[in-house]
Amino acid sequence: MRFIIALSLLFYSCSNHQDEEQNAQEAIYEVMSEQQKAWNNGNLEGYMNGYWKNDSLVFVGSSDINMGWNKTLKNYRSNYGEKSTMGHLLLQNISFKQLDGQHAWLMGKWQLYRTNDTLKGHYTLLWQLIDGQWKIVADHSS
């Protein structure tokens, strides 16, 4: 009887973890969908809503490492300040892993279609649940 109870608790625990991970993944994918929409509407501030608005935000790009939400927004404005340079962004998530109840890791690829060129690369994002919202706290995009 104890074995059955222990086994039941184990299955419940595993099921609960899977539900938690599924909920986190869905919430994070929704944030990314909103970011993609904001970008494609030429709204950099809306795109940045997915990031932790804090000086400890880490953004690693192909040319530099930046710290802070404001610095990241400044760099985006410098490189993509006009709707024409922003083009049409397509994000494709490839691998998701919830690390614990407060953190998740996501890997994917991005493509930016513009009139004269197409840029593409990959991203690795560290997400953290902050005040009930999933936010990117570290972004490595290349």
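View 1. A pocket is an open set of points on a 1 Å grid over the protein atoms alone, where a 1.4 Å probe fits, with protein on both sides within 12 Å along at least five of seven lines. The model is predicted: local features need pLDDT of at least 70 and side-chain atom pairs pLDDT 80 or more, whereas totals for chains, interfaces and linings use all residues. Residues are numbered from 1 along each chain as its sequence is written, and side-chain values use heavy atoms, without hydrogens and water.

**View 2. The lining of the largest pocket comprises 26 residues.** Lining residues have an atom within 4 Å of a point. Phe59, Tyr76, Tyr80, Trp110 and Ser141 lie nearest the centre of the pocket. Helix H3 (69-80) is among the elements that supply at least two lining residues each, and H3 gives the most, with five. Helices (H or I, at least four residues) and strands (E, at least two) are DSSP runs, numbered from the N terminus.

**View 3. Strand E6 (133-141) pairs with strand E1 (residues 58-60) in the parallel sense.** Three bridges join E1 and E6; two strands pair if DSSP finds at least two bridges between them. Valine 58 stands opposite alanine 138 in E6.

**View 4. Strands E5 and E6 run antiparallel and are joined by eight bridges.** Isoleucine 130 stands opposite glutamine 133 in E6. Two residues lie between the strands of this hairpin, where aspartate 131 takes a positive phi near 50 degrees.
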